Amino acid sequence: MPVTFGRALAPAPAMWTADEIAQLCYEHYHVRLPKQGKPEPNREWTLLAAVVKIQFTADQACGISDKAIQVTKEVVSMGTGTKCIGQSKMRKSGDILNDSHAEVIARRGFLRYLLHQLQLAATLEKDSIFIPGTHKGLWKLRPALSFVFFSSHTPCGDASIIPMLEFEEQPCCPVTISSSAGASGDLEALEDKGDCDDTDSPVAKKMRLETPSYLVMNGTAHCDKQERHPVTPEVSNWNLTVQGLATVKTTMPRDITVLDIHRTGAKCVPGEARDPGKPGAAYHQVGLLRVKPGRGDRTCSMSCSDKMARWNVLGCQGALLMHFLEEPIYLSALVIGKCPYSQEAMQRALTGRCQNVSALPKGFRVQELTTQQSDLLFEQSRCAVQANRLDGPGRLVPCGAAISWSAVPEHPLDVTANGFPQGTTKKGIGSLQARSRISKVELFRSFLKLLSSIAEDMQPDSLRGQKLDTYQEYKEAASTYQEAWSTLRKQAFGFWIKNPPDYHQFK
């Protein structure tokens with residue numbers, strides 16, 4: 001249910017705090033998500049992400065300032081998950097989830113929510129978050145409405161490459177380059193030597209969950225691994241060196257030495273040079289595009305840092321929904337749960353790499369994203385579970401399932417494993433029952449249902465009278481979105497991995 005907070009008048013950023021957003025999301029996870037798909041106690045961990053709708057009153061939207069400010073916060077999409085499928089398991093039918101990281105699951109659930117809200121607007125059934133735009137067939141968000149994205153951990157990839165100070169534990173075993181490996185080293189082999197599951201560590205022992213169980217204060221160091229490639233000239237100013245890290249503009253106390261960096265498992269995309277993999281703080285290069293790692297089967301899924309940076313220019317709605325919208329739907333802020341965090345790294349990864357992108361089509365921009373961190377730790381994060389498992393037997397592992405929840409009236413929940421609804425058998429793959437509700441093909445089906453509910457003379461110009469058939473054709477027909485995406489690729493993300501067109505030819 002929406003939660004309303006009354007406050008004295010203050011600037012917009014003070015309408016909510018990072019802890020309020022985190023607490024709302026943790027409570028939603030605790031109360032609204034089922035046990036199915038959640039981590040097995042004391043053995044598994046997961047990541048959490050959500051989209052929170054922020055609604056101001058009509059008076060505040062008009063600038064009236066003589067009343068107490070009322071802000072309504074409501075979770076409209078939530079996702080958990082840590083996994084991706086390898087390239088060999090991708091399907092041309094669009095019925096499998098390639099990427100099940102929490103941030104991506106939450107965003108895809110948000111698409112379901114937006115489709116439902118557009119359906120309400122188009123059929124005039126109930127109040128919707130959308131109102132008619134200035135052009136026929138297009139819609140825009142109501143005034144005084146915005147969306148905040150929450151993630152229990154920094155996004156994988158560039159945003160997770162952050163300084164580790166001398167009083168913190170190292171995230172993995174120090175990297176040493178053997179003479180046989182040479183100057184560059186065999187990084188594929190080296191990165192597997194770090195063991196991050198040290199439950200006897202002093203930092204882990206210091207961490208204990210507070211009451212209630214879903215609100216945890218004062219997180220600890222996070223363990224994360226990664227592979228490397230050097231930067232391109234366009235991002236050489238983000239070169240990560242020991243000297244550079246010592247002067248990073250973060251909240252570090254003076255005279256604190258940077259011994260290492262928190263690493264990421266995301267691997268640099270083909271076409272860019274490898275990370276140096278040197279010991280300590282020179283292990284990574286920063287500012288690069290990366291793909292999520294796979295177990296022996298490379299993935300085609302870009303890192304969450306890269307995807308969120310893209311959303312910050314193109315919007316969260318994607319190409320299909322852009323047909324119905326007057327302008328993209330941008331996130332107004334990002335809140336990160338308690339974990340290793342660097343404001344400089346977040347800015348670099350999510351906005352800095354795109355800050356010089358220009359000549360975007362009308363309506364598109366590089367969004368000025370506000371980022372904040374909460375002091376509340378997610379109770380089923382790796383660090384929290386590790387600290388509470390009391391030296392239990394077995395290795396701590398990521399949960400294999402992903403949960404999607406969306407604020408829609410029909411079937412809001414979707415629990416998947418390996419890209420399919422949990423419990424799907426090999427024999428069942430390909431059936432309607434074996435499709436996640438947030439898979440490409442199901443979201444496309446919802447899009448077509450929305451389109452069919454609108455009289456042709458009221459459809460947007462980009463679709464009216466068009467003879468379109470496949471998912472790819474409908475995406476390409478969103479010309480302004482495609483122009484913006486082309487501009488972004490040319491100016492900032494030239495090595496972005498694109499799936500072959502035959503993976504988008506389904507109907």
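Analyst: Buried means under 20% relative accessible area, exposed means over 50%, and partly exposed lies in between, with a 1.4 Å probe and protein chains only. This is a predicted model: local features need pLDDT of at least 70, side-chain atom pairs count only at pLDDT 80 or more, and totals for chains, interfaces and linings use all residues. Residues are numbered from 1 along each chain as its sequence is written, and side-chain values use heavy atoms, without hydrogens and water.

User: Why is Cys25 called buried?

Analyst: Cys25 has a relative accessible area of 0%. The cut-off is under 20%, so Cys25 is buried.

User: What makes Cys383 buried?

Analyst: Its relative accessible area is 10%. That value is set against under 20%, so Cys383 counts as buried.

User: How many disulfides does the rule give?

Analyst: A disulfide is a pair of cysteine sulfur atoms within 2.5 Å. The count by this rule is 0.

User: What span is expected of helix 11, and what does the helix reach?

Analyst: Helices are DSSP runs (H or I, at least four residues), numbered from the N terminus. Helix 11 covers residues 440–452, 13 residues. The expected span is 1.5 Å times one less than the number of residues. Helix 11 reaches 18 Å from first C-alpha to last, close to the 18 Å expected.

User: Which residues of helix 11 are buried, and what do they pack against?

Analyst: Among them are Lys440, Phe444, Phe447 and Leu451. The buried residues of helix 11 pack against helix 3 (102–123), helix 8 (318–322) and helix 12 (471–476); contact means heavy atoms within 4.5 Å.

Key. Helices (H or I, at least four residues) and strands (E, at least two) are DSSP runs, numbered from the N terminus.
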